[in-house]
Amino acid sequence: MSELRLMKGNEAIAEAAIRCGADGYFGYPITPQSEVMETLMALKPWETTGMVVLQAESEVASINMLYGGAGCGKRVMTSSSSPGISLMQEGLSYMAGAELPCLVVNVVRGGPGLGTIQPAQSDYFQAVKGGGHGDYKLIVLAPSSVQEMADFVELAFDLAFKYRNPAMILSDGMIGQMMEKVELKPQKKRWTNEEIDEMHPWATTGKKKDRERNIITSLELDPEKQEKANERIQAKYKELQEKEVRYEAVDTDDAEYLLMAYGSSARISLAAKEILRAKGLKVGLLRPITLFPFPVKQLQDLAGQLKGVLSVEMSSGQMVEDIRLAVEGKVRVEHFGRLGGVVPSPEEVANALEQKLIGGK
């Protein structure tokens with residue numbers, strides 16, 4: 001049965017992981033996401049579903065544990081915050097090259113460096129551009145509520161396995177720590193090894209004797225073969241862009257100005273939109289739910305009717321570059337952001353749109 005509960009975003013991640021039938025969590029504590037592992041440890045899913053929960057020696061260890069679990073076709077995940085995710089980049093690049101599915105949760109905090117433990121959105125480039133080496137991308141989902149923190153766990157696993165690619169939930173310290181009512185889905189069973197054998201013939205379960213090789217690796221010394229592997233990976237990204245874009249559009253039908261934001265900034269921008277609408281300004285909100293694949297076509301379709309777009313981010317301006325690329329110079333695009341863990345108010349966002357796009361009128 002479904003269950004309603006008041007909980008933190010980080011706690012919702014943990015509950016959803018167990019309920020969707022995850023096989024393993026391998027993580028390392030770091031503020032502001034430590035409650036993910038703390039909740040899993042408190043719930044002891046190894047006694048009920050058999051899910052493994054392990055505190056690794058480091059973030060580097062945890063991402064390589066994911067590599068092993070994913071290679072066996074298991075639904076495995078980790079969570080961390082900005083500096084910890086940076087340590088995982090080599091492993092994520094390996095897994096993307098080996099075409100292995102997994103889930104990584106980043107509850108973003110301010111940087112650079114150790115920075116602050118307050119919420120930020122300054123990891124956008126790292127998440128959507130491929131933070132490690134090589135031509136690869138992650139599937140990136142951006143929740144703006146505690147309910148979406150829960151819902152996106154299963155969605156991320158589904159997309160990761162469908163496209164054999166690592167997926168990331170890109171949250172922030174505000175969503176991770178806030179409490180809201182959440183509807184938790186009924187418990188699902190973990191896959192059996194027999195089901196994995198049938199569904200995922202690429203997995204190294206140890207039962208297949210007709211595999212070309214008994215390891216999964218991203219290493220290929222023949223450049224022509226490596227080129228073909230890369231071309232196959234790029235084809236997946238094109239398919240993702242065509243089929244898996246998710247977004248929310250609010251009051252965009254008659255909009256002359258557009259606020260574009262994700263995560264916590266989208267919640268704030270929704271309130272700012274109402275302030276501006278009350279002044280008689282035709283303002284809409286476009287919230288990307290998938291940061292990769294990005295809602296390029298949706299932006300292009302709106303560009304012809306718009307006088308301006310304001311990208312609202314808790315960063316110095318990262319998503320704004322993808323917006324400018326999408327609209328191809330057909331509409332003015334500006335950025336408003338706060339840095340270092342400072343959370344803007346709806347009034348600040350509303351004022352920024354008026355000043356940057358309307359000239360203070």
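Which residues of strand S2 (residues 24-27) are buried on one side, and which on the other? In this predicted model, local features need pLDDT of at least 70 and side-chain atom pairs count only at pLDDT 80 or more, while totals for chains, interfaces and linings use all residues. Residues are numbered from 1 along each chain as its sequence is written, and side-chain values use heavy atoms, with hydrogens and water left out.

Strand S2 is covered on both faces, with Gly24 and Phe26 buried on one side and Tyr25 and Gly27 buried on the other; buried here denotes under 20% relative accessible area, with a 1.4 Å probe and protein chains only. Strands (E, at least two residues) and helices (H or I, at least four) are DSSP runs numbered from the N terminus. In a regular strand the side chains alternate between the two faces of the sheet.

S2 runs parallel to strand S3 (residues 52-55), to which four bridges join it, and Gly27 stands opposite Gln55 of S3.

Helix H14 (residues 346-358) has 13 residues and spans 17 Å from its first C-alpha to its last, close to the 18 Å expected at 1.5 Å a residue, where the expectation is 1.5 Å times one less than the number of residues. Its buried residues are Val349, Ala350, Ala352, Leu353, Glu354, Leu357 and Ile358. After H14 comes Gly359, with a positive phi near 75 degrees.

Terms used
Buried means under 20% relative accessible area, exposed over 50%, partly exposed in between (1.4 Å probe, protein chains only). Two strands pair if DSSP finds at least two bridges between them.
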